[in-house]
Amino acid sequence: MNFNFGNPFIALSALLIIPIAAFIFSRLKNPFVAAIPLGAPGGIPYKTTQIAGIVNFLRFLEITGIFLLFFSAANPAVKTLETVWLNRGADIIFIMDVSPSMAALDMDGHSRFNTGKNLLINFANERPSDSIGLVAVGEEAALLLPPTSDRNTLKMRLHQLRLGEFGDGTALGMGLAVAAYHLDKSNAKRKVAVIITDGENNAGAVHPEDAAALILEMGISFWVIAVGSAGEVPIDYEDPFTKVRHFGTFDSRYDTENLRRLASAGGGTLIIAPSADTFASAFYRIDENEIIIQRSRIINRFSSFSFQFLLTAVILIGTAKFVRRYLLGAVL
């Protein structure tokens, strides 16, 4: 990003001419003004320090306003470089398990849920031409964000998401069905569904393998990330409705074979991530395998500031004129 002028000669003229003109006029005396001493001869001279300071300040406002008028005419603008993607990336929907067990603190002292959110944001930032969507899964499933390239909206929606807000269950089949429905409407050349869970399906009216078979039929690339370690795991969870905090340990376990069958039914891949490192590696593996040849070009974007300079100049000069006319009686 850099600042420049569309007509730099005008700006240069302001920098050279106005200071010289101001200096010359400050040295010239008005031939129609007579200097009359005030006060008794030999006494303390009459001082106008305060009025003189006001007058000098008004002159400063006027000169600054004239400067800004020149700069406005010089068409000041900020140039930024922007990447324009010439082809569409993939449409990727992440199905995030938001059951309370995702609060388990076995990701290097952080929860599975927060670690997953951070990895998802990093993944999205590394693939700017892709559209990323989000489905939340509890006892019910809901589309929180359709596939979009707006990373700020994705980050905001993830920040707003709370564990347990969709109930204590895990409706994996419903989550997959919601993702499949919205990906089916997409016209992207590559469509991807990624489910992140630490449990098994125990809610919802749709069987996970039936939903996975539908994903396979639609030609959607499918990934299952089984996150979390087994055994006694510390947990810290606040109920979003009662605001009651629960902390202690719980017995963490899930049936790997069920999740493997789920991935197989959708023609996809199961990645087991018992630690923070393996969780991060899962996203890296997806990134490597869901490659799209991306074409882009860099264009210049110009944001003009002529109006802002002009408005400021009018305010400064207008203020000086107003003070002279109505506060000083136009005598100075």
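**Chat about a predicted model**

Trainee: Threonine 115, buried or exposed?

Mentor: Threonine 115 is buried, because its relative accessible area is 13% and the cut-off for buried is under 20%. Keep in mind that this is a predicted model.

Trainee: Where is the place of threonine 115?

Mentor: Threonine 115 sits in helix H3.

Trainee: And what is threonine 115 in contact with, leaving aside neighbours within four places in sequence?

Mentor: With those neighbours set aside, threonine 115 is in contact with Met107, His110 and Phe279.

Trainee: Staying with helix H3, at what angle do H3 and H4 pack?

Mentor: Helix H3, residues 112–126, packs with helix H4, residues 151–160, at an angle of about 175 degrees, and the two axes are 11 Å apart. H3 is therefore roughly antiparallel to H4, since angles over 145 degrees count that way.

Trainee: Which residues in H3 and H4 meet?

Mentor: From H3 there are Lys117, Leu120, Ile121, Ala124 and Asn125. On the H4 side they meet Arg151, Leu154, Lys155, Leu158 and His159.

Trainee: New topic. Where is phenylalanine 94?

Mentor: Phenylalanine 94 is in strand S3, which covers residues 91–97.

Trainee: Why does phenylalanine 94 count as buried?

Mentor: Phenylalanine 94 counts as buried because its relative accessibility is 1%. Residues up to four places away in sequence aside, phenylalanine 94 touches Leu120, Phe123, Ile132, Gly133, Leu134, Val135, Val194, Ile196 and Phe283.

Trainee: Take valine 194. How far is its C-alpha atom from that of phenylalanine 94?

Mentor: The two C-alpha atoms are separated by 4.8 Å, although phenylalanine 94 and valine 194 are 100 residues apart along the chain.

Trainee: On to charges. How many salt bridges does the count come to?

Mentor: The count comes to 10 salt bridges. One of them joins the side chains of arginine 112 and aspartate 198, at 2.7 Å from N to O. This pair links distant parts of the chain, 86 residues apart: arginine 112 is in helix H3, and aspartate 198 is in the loop between strand S6 (191–197) and helix H6 (208–217).

Trainee: Are arginine 112 and aspartate 198 buried or exposed?

Mentor: Both arginine 112 and aspartate 198 are buried.

Trainee: What does arginine 127 form a salt bridge with?

Mentor: Arginine 127 pairs with aspartate 287, and the closest N and O atoms are 2.7 Å apart. This pair also links distant parts of the chain. Arginine 127 is in the loop between H3 and strand S4 (131–137), aspartate 287 is in helix H8 (residues 276–289), and they are 160 residues apart.

Trainee: Arginine 127, then: buried or exposed?

Mentor: Arginine 127 is buried, with a relative accessible area of 5%. Aspartate 287, at 24% relative accessibility, counts as partly exposed.

Trainee: And the salt bridge of aspartate 236 and arginine 245, what is its N to O distance?

Mentor: The side chains of aspartate 236 and arginine 245 meet at 2.6 Å, N to O. Aspartate 236 counts as partly exposed at 32% relative accessibility, whereas arginine 245 is exposed, with a relative accessible area of 51%.

Trainee: Which residues do salt bridges with shared partners join into one network?

Mentor: Asp106, Arg112 and Asp198 are joined into one network that way.

Trainee: Last one. Which residues make the nonpolar surface patch of about 390 Å²?

Mentor: Leu12, Leu15, Leu16 and Ile17 make that patch. Of these, isoleucine 17 is in helix H1, residues 8–27.

Technical notes: Residues numbered from 1 in each chain as written. Predicted model: local features only at pLDDT ≥ 70, side-chain atom pairs only at ≥ 80, totals over all residues. Heavy atoms only, no water. Helix = DSSP H or I, 4+ residues; strand = E, 2+ residues; numbered from the N terminus. Buried < 20%, exposed > 50% of the residue type's maximum accessible area, 1.4 Å probe, protein only. Contact = heavy atoms within 4.5 Å. Patch = residues over 30% accessible without salt bridge, like charges linked within 9 Å, V, L, I, M, F, W, Y side chains within 5 Å. Areas by Shrake-Rupley, 256 points an atom, 1.4 Å probe, with all protein chains shown as cover. Salt bridge = Lys/Arg side-chain N within 4 Å of Asp/Glu carboxyl O. Axes fitted to C-alpha atoms, helices over the stretch in contact; angles between N-to-C directions. Parallel < 35°, antiparallel > 145°, perpendicular 65-115°, else oblique.
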